[in-house]
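Please keep the sequence and the coordinates at hand while reading.

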Amino acid sequence: MIFPVVSTHNFLKASGDNLTRSIKRSGSTFVVGVTGGIGSGKTTVCNLFHELFGIPIIDADIIAKDVVKKNQPALQAIVAEFGDSILTESGELDRPKVKKLVFSDPTRRKILERIVHPEVRKEMNVQISRVSASYCLLSVPLIAESTNKSMFDRILVVDCDEKIQMERVISRDKLANETVVAIMNTQASRKDRLAIADDIIVNNGPTSQLNDQVQSLHETYQALPTADN
Ligand code: ATP
């Protein structure tokens, strides 16, 4: 799934949209937000940056899972709100149950997001603050759905034709056609995603076609942070 606990459509929602993406914020790491629809190839692209150039990857999906692990404050807050029937016998968050609980109830969903999202943001900032490389990639599936993009200095959209996207997701996740369509319909349209892009990686071909694009962007990102120094 896109996000393990709950879709983070409002993940970074806050006041306003103060983009300063081409300019490095003084004293901070240059953060490239990587986004794209389900199965567009975000992980594949991030892994290439890491393998080819050792660029650190911060993955919002992983963080969202970690912050609700056993004994984490977010899990305790969720239990306080929804009761301990949302825990498995071993005390872990029962994800299918939570999903069911919030799926058709926007109020519950908002409560859950209010608990989880600040923890995710906090952890993302911690991880960003530890980066010593000239830039890092912050993989967040739903940047286009959020109004506040100020966390990112630049936005990289991984794009591919919807037909190819569907084929890859169906093959990877063994999902029915309609399920993939339903997930895609909850996400921003391809057009809206491309509209927020500073950079685009086209992932319609074989993975071998990604190397040159990654190499070229790596050179750009390395140059950018020092451009206004
Ligand atoms: P999600 O949104 O679900 O997290 P994602 O955007 O991270 O997905 P990937 O997991 O990188 O996408 O790719 C989706 C699937 O498509 C994976 O099985 C991956 O191996 C495959 N894939 C990605 N790019 C290519 C490509 N260029 N050629 C063939 N298969 C690809």
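## A residue ahead of the sheet strands

In which segment is T29 found? T29 is found in the segment before β1 (30–35), where strands (E, at least two residues) and helices (H or I, at least four residues) are DSSP runs numbered from the N terminus. The model is a predicted one, in which local features need pLDDT of at least 70 and side-chain atom pairs count only at pLDDT 80 or more, while totals for chains, interfaces and linings use all residues. Residues are numbered from 1 along each chain as its sequence is written, and side-chain values use heavy atoms, with hydrogens and water left out.

With a relative accessible area of 12%, T29 is buried; the term buried means under 20% relative accessible area, exposed means over 50%, and partly exposed lies in between, with a 1.4 Å probe and protein chains only. The side chain of T29 reaches the backbone oxygen of I128 at 3.4 Å, a polar contact in the sense of a pair of N or O atoms within 3.5 Å, where within protein one must be able to donate a hydrogen and the other to accept it, and residues adjacent in sequence count only if both atoms are side-chain atoms. T29 is also 6.7 Å from S134, C-alpha to C-alpha, although 105 residues separate the two in sequence.

## Overall architecture

The protein chain comprises nine helices and five strands, and along the sequence these elements follow the pattern β-α-β-α-α-α-α-β-β-α-α-α-β-α. Of its 229 residues, 44% count as buried. Among contacts (heavy atoms within 4.5 Å) between residues at least 6 apart in sequence, 78% join residues at least 24 apart.

## Packing of α3 against α5

Two packed helices are described by the angle between their axes and the distance between the axes. The axes of α3 and α5 (residues 106–129) come within 9 Å and cross at roughly 165°, the axes being lines fitted to C-alpha atoms, for helices over the stretch in contact, with angles running from 0 to 180 degrees between N-to-C directions. The two helices are therefore roughly antiparallel to each other, a label given to angles over 145 degrees.

On the α3 side the contact is made by A74, A77, I78, E81 and F82, and on the α5 side by R108, I111, L112, I115, V116 and E119.

## Salt bridges

Side chains of opposite charge can pair when their charged atoms come close. A search of the whole structure finds nine salt bridges, each being a side-chain nitrogen of Lys or Arg within 4 Å of a carboxyl oxygen of Asp or Glu. One of them joins D199 and R154, with the closest N and O atoms 2.7 Å apart. Because D199 lies in strand β5 (residues 199–202) and R154 in strand β4 (residues 154–159), the pair ties together parts that are 45 residues apart in sequence. Both D199 and R154 are buried.

Another salt bridge links the side chains of D105 and R108 at 3.7 Å, N to O. D105 is partly exposed at a relative accessible area of 23%, and R108 is likewise partly exposed at 34%. R172 and D173 form a further bridge, their closest N and O atoms being 2.9 Å apart; here R172 is exposed at 52%, whereas D173 is partly exposed at 28%. Salt bridges that share partners also join D159, D161 and R190 into one network.

## Loop residues

Which loop holds Q187? Q187 is placed in the loop between α7 and α8 (190–195), and with a relative accessible area of 9% Q187 is buried. A polar atom of the Q187 side chain lies 2.9 Å from the backbone nitrogen of I38.

Most residues other than glycine have a negative phi. N71, in the loop between α2 (60–66) and α3 (73–82), has a positive phi near 70°, and at 64% relative accessibility N71 counts as exposed. K174, in the loop between α6 (162–173) and α7 (177–186), has a positive phi near 55°, and K174 counts as exposed at 67% relative accessibility.

Technical notes: Angles under 35 degrees count as roughly parallel, over 145 as roughly antiparallel, 65 to 115 as roughly perpendicular and the rest as oblique.
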